[in-house]
There are 2 protein chains.
Amino acid sequence: EPHLQENYFSRETLDRLSARRTDEVWLEAKQKDPDTVYLLFSNLSPMVSASQEDDDEGHIQLCRLRYEAVKDLLEKPSTVLIFLGMERMKNPSSSQTSEPPVWFAVSTDEDPAELLRRCREATCSFPKSGNRDLLKFSEEDAGVVAQARSVLAWHSRYSFCPTCGSGTRLEQGGYKRSCLNSECRSQQGVHNTCYPRVDPVVIMLVIHPDGNQCLLGRKKVFPAGLFSCLSGFVEPGEAIEEAVRREVEEESGVKVGPVQYVSCQPWPMPSNLMLGCLAAAVSTDIKVDETELEEARWFPRQQVIDSLFRGASSTLIVPPRQTIAHQLIRHWISVNSNL
Amino acid sequence: EPHLQENYFSRETLDRLSARRTDEVWLEAKQKDPDTVYLLFSNLSPMVSASQEDDDEGHIQLCRLRYEAVKDLLEKPSTVLIFLGMERMKNPSSSQTSEPPVWFAVSTDEDPAELLRRCREATCSFPKSGNRDLLKFSEEDAGVVAQARSVLAWHSRYSFCPTCGSGTRLEQGGYKRSCLNSECRSQQGVHNTCYPRVDPVVIMLVIHPDGNQCLLGRKKVFPAGLFSCLSGFVEPGEAIEEAVRREVEEESGVKVGPVQYVSCQPWPMPSNLMLGCLAAAVSTDIKVDETELEEARWFPRQQVIDSLFRGASSTLIVPPRQTIAHQLIRHWISVNSNL
Ligand SMILES: Nc1ncnc2c1ncn2[C@@H]1O[C@H](COP(=O)(O)O)[C@@H](O)[C@H]1O
Ligand SMILES: Nc1ncnc2c1ncn2[C@@H]1O[C@H](COP(=O)(O)O)[C@@H](O)[C@H]1O
Ligand SMILES: [Mg+2]
Ligand SMILES: [Mg+2]
Ligand SMILES: [Mg+2]
Ligand SMILES: [Mg+2]
Ligand SMILES: [Mg+2]
Ligand SMILES: [Mg+2]
Ligand SMILES: [Zn+2]
Ligand SMILES: [Zn+2]
C-alpha cells in the first residue's frame with residue numbers, strides 16, 4: 001500500500017529478500033531464469049529508453065533485459081552483479097502458480113555503444129549521469145535506480161580493503177565485500193568496511209522568527225535564479241538536530257533553535273540519505289560561507305508560493321518536485337498557510 | 001540552551017569549528033597552548049577516572065591532559081590527532097579576555113600501563129571498551145566521547161585508500177584522509193572515501209494494532225531477561241520508513257504500516273546514527289529470524305511500565321536510560337498513558 005510523504009527515489013518497488021543473498025544456489029538459478037529482469041549500467045548510468053506512456057513527455061524508463069541478452073557479460077571477471085530483489089505481488093491473495101520475477105543490476109566496462117545493441121528498443125541510451133537525467137523516471141523505476149546505483153557506486157570506489165589495502169571479493173549478492181587477505185583484522189568480527197556505505201545528510205528549510213520567510217541559498221554551479229535548502233553531511237558523533245544547527249550556522253551565520261524532522265529521501269549521488277527538516281531560526285543576520293555558497297537570502301512566503309505555482313515566470317526558481325528540498329518548501333507552505 | 005529530546009551521546013559540548021580544520025597555523029598554535037585539553041585513547045578506549053561528584057556513584061569522567069603530558073606522543077608517526085573543537089562560552093555576553101580552551105583527541109599504540117602514569121589522577125584507567133563502560137559518563141563527556149571515538153574508529157579501519165589500495169595521509173584536523181597515490185581516481189572530484197563514515201541504523205518500537213502491547217526482541221548475547229527494540233542498518237537507496245518496515249519483517253515477521261520518527265542518537269560503536277521511530281504493526285504473528293534474534297515477543301503495556309519503574313524486581317528488563325531504545329519505550333508509555 002502507498003504511504004504518506006513518499007519522496008522520489010524512496011519507493012521500494014522490489015522486495016529485497018535479503019535472506020536470499022547468502023543462498024548461492026537460488027541466486028544462480030534465478031540468474032538463468034528467463035523471467036528474470038536485468039538492468040544494465042555503464043559508468044553508473046542505467047540503460048534507458050524513452051517512456052512509452054503518452055503523457056510521459058520527456059520521461060524515460062529502465063531497459064529490462066533478459067538472461068540471453070547479458071549471459072556473456074556475466075562471465076567476465078570485471079562485471080559486477082547485484083541482486084536487487086523480487087517484484088512485489090500486485091494481488092497477494094491471488095493463487096499464482098509461479099513466483100514473481102527477480103531483478104539484477106549488471107555493471108560492465110564494455111563499450112557503451114556496443115551495449116545499446118543488446119536492447120530491442122530503438123531509443124536506448126545511457127544518460128550522461130547528470131543528476132537531471134535520473135529525475136525523469138517513474139516513481140517505481142526511480143526506487144530501483146536508487147538502490148542499484150548506490151550499491152554500484154560503492155563497488156566502483158571500494159574495491160580495496162581499507163583496513164589492509166588488499167583486494168576484496170564481492171559476496172552476498174553484491175551487498176558485501178570481503179578482504180582477500182586471511183590475516184586482515186577485518187576478518188575478525190563484523191566491520192562496516194565490508195558493507196555498503198550510506199551517508200546521512202541533513203537538508204533543512206530554515207524559517208525566519210517572524211514565520212513568514214524562509215532561508216534559501218545557492219551554489220555557484222546552480223542555474224541562474226535557482227535557490228534551494230541548505231544541506232550538509234552529518235558528522236561522526238552528531239545527532240540530526242545538532243547537524244542542522246551546525247550546518248546552518250556554518251553556511252549562513254543564522255542560529256537555529258527547534259528542529260523538526262519531516263521526511264527523508266535516498267539520493268544516489270552516490271549514496272546519501274537526505275534527512276529533511278524544518279528548522280526555526282533564532283537569529284536573522286546572514287553571513288554566507290563563500291566557499292560553500294554564492295548567496296543565501298530570506299525569501300517572503302508569497303514569493304515562494306509564486307515560484308511553486310507560477311514556475312518560470314517567477315524571479316525565484318525552486319528545485320523540481322523530485323527533490324526533497326521542493327517537498328520541504330511545499331510542506332512549509334501547506335502547514336502554515338491556507339492555500 | 002538545552003533542547004528537547006536530547007539523548008545520551010548527542011550533547012554537543014564543543015563547538016566543532018570546522019572552518020579551522022584547514023588552518024594549520026592556528027591548529028599548531030592551539031596544540032601548544034597550555035590551556036588546551038587532550039583526551040588520550042588507547043585501543044579506542046578513553047583514559048578515565050572515577051567521577052569526583054559525590055552523587056555520581058560508579059560514574060566516570062574523561063582525564064583532561066595538558067600539552068606537556070602528551071607532547072612526546074604528538075611527535076610519533078603512529079599517533080592520530082583529532083581536533084575536537086572549542087569549549088562553548090558559558091556566558092557569551094561576558095567580555096572574556098581570552099578564547100575558551102580547545103580540545104584534541106590523541107590515539108596512541110604505546111603501552112597503556114605507561115600511559116596511565118601521565119595523569120595525576122590516582123584512579124585512572126582505560127575501560128575495556130565494552131559498551132557498558134561508555135555509558136557511565138556525564139552528558140557533557142558522553143558527547144565528546146561519541147565524536148572522538150567515532151572519528152578514531154574510522155582512522156583505525158580506513159588507513160588504506162579503498163579506491164586504489166595505497167596508503168593515505170590524515171588531513172584537516174583528522175576529518176579527512178587523502179590518498180598518497182597521485183594517479184588515484186579519488187584525487188579527482190569529491191568522494192566519500194576521503195571522509196569519516198557514519199552508518200544510519202533504524203531502531204523502532206513496534207506497537208501492536210491493539211495499541212496496548214509492544215514488540216521487543218533479544219539477541220543470544222543479551223543478559224538474561226533483557227529485551228530491546230528491533231534495529232537494523234539502513235540499506236543503500238532506502239528511506240528510513242522503508243528500512244523500518246523491512247527490518248521488522250525480516251527479524252520478526254510482523255508487518256508495519258505507518259512509521260513516525262521520534263529522535264536520534266549517535267552511537268559510537270563504532271560510528272552509527274540511530275534513527276529512533278515508533279512503528280504501527282498491521283499484523284501480529286511472530287516468526288523470528290533465528291540468525292539475528294533468540295526471541296521476539298509482544299509485551300503488555302503494564303509489564304513494560306513495571307519494568308521501567310520497578311527495575312530489577314520485574315520479569316522484563318529493558319535497556320538503561322542512556323540508550324535510545326529506553327527512550328523510545330518511555331516515549332510510548334508517556335504519549336499513550338496517563339502516567
Ligand atoms: N561523505 C562525504 N562525501 C562527500 N563530501 C563530504 C563527505 N563528508 C564531508 N564532506 C565534505 O563536505 C563538503 C560539502 O559540505 P556539506 O555538504 O555542507 O557538509 C564536501 O566538499 C567535502 O569537503
Ligand atoms: N555498516 C554495517 N556495519 C556492520 N554490519 C553491517 C553493516 N551493514 C550491514 N551489516 C550486516 O548487518 C548485520 C546486522 O543486522 P542488522 O543490524 O539487523 O541490519 C551484521 O551482522 C552485518 O552482517
Ligand atoms: Mg556545509
Ligand atoms: Mg559539512
Ligand atoms: Mg552544504
Ligand atoms: Mg536485521
Ligand atoms: Mg539489516
Ligand atoms: Mg537487527
Ligand atoms: Zn584487509
Ligand atoms: Zn587511492
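Let's start at the ligand: around ligand 1 sit A:R197, A:D199, A:S231, A:G232, A:F233, A:E247, A:E251, A:E292, B:V190, B:N192 and B:Y195, where a residue is near a molecule if one of its heavy atoms lies within 4 Å of it. Chains A and B both contribute residues here, so the site is shared between chains. This is a predicted model, in which local features need pLDDT of at least 70, side-chain atom pairs count only at pLDDT 80 or more, and totals for chains, interfaces and linings use all residues. Residues are numbered from 1 along each chain as its sequence is written, chains are lettered from A and ligands numbered from 1 in the order in which they are written, and side-chain values use heavy atoms, with hydrogens and water left out.

Sorted by class, that shell has five charged residues (Asp, Glu, Lys, Arg), three nonpolar ones (Ala, Val, Leu, Ile, Met, Phe, Trp, Tyr, Cys, Pro) and three polar ones (the others, Gly among them). In chain A, β12 (230-233) and α5 (240-252) each supply at least two shell residues; helices (H or I, at least four residues) and strands (E, at least two) are DSSP runs, numbered from the N terminus. The largest share, three residues, comes from β12(A).

Now for the atom pairs. A polar side-chain atom of A:E292 is 2.6 Å from an oxygen atom of ligand 1. On its own, ligand 1 has 490 Å² of accessible area (Shrake-Rupley method, 1.4 Å probe), and the protein covers 72% of it.

Zooming out, chain A has seven helices and 15 strands. Its radius of gyration (over C-alpha atoms) is 22 Å, close to the 20 Å that the globule rule (2.2 Å times the number of residues to the power 0.38) gives for 339 residues, so chain A is as compact as a globular protein of that length.

A few backbone details are worth a look. A cis peptide bond joins A:M269 and A:P270, with omega about -5 degrees, and A:P270 lies in the loop between β13 (256-267) and β14 (272-281) of chain A. In chain B, the bond from B:M269 to B:P270 is cis, with omega near 0 degrees. Finally, A:F9 has a positive phi near 80 degrees and is buried, with a relative accessible area of 0%.

Technical notes. A polar contact is a pair of N or O atoms within 3.5 Å; within protein, one must be able to donate a hydrogen and the other to accept it, and residues adjacent in sequence count only if both atoms are side-chain atoms. Buried means under 20% relative accessible area, exposed over 50%, partly exposed in between (1.4 Å probe, protein chains only).
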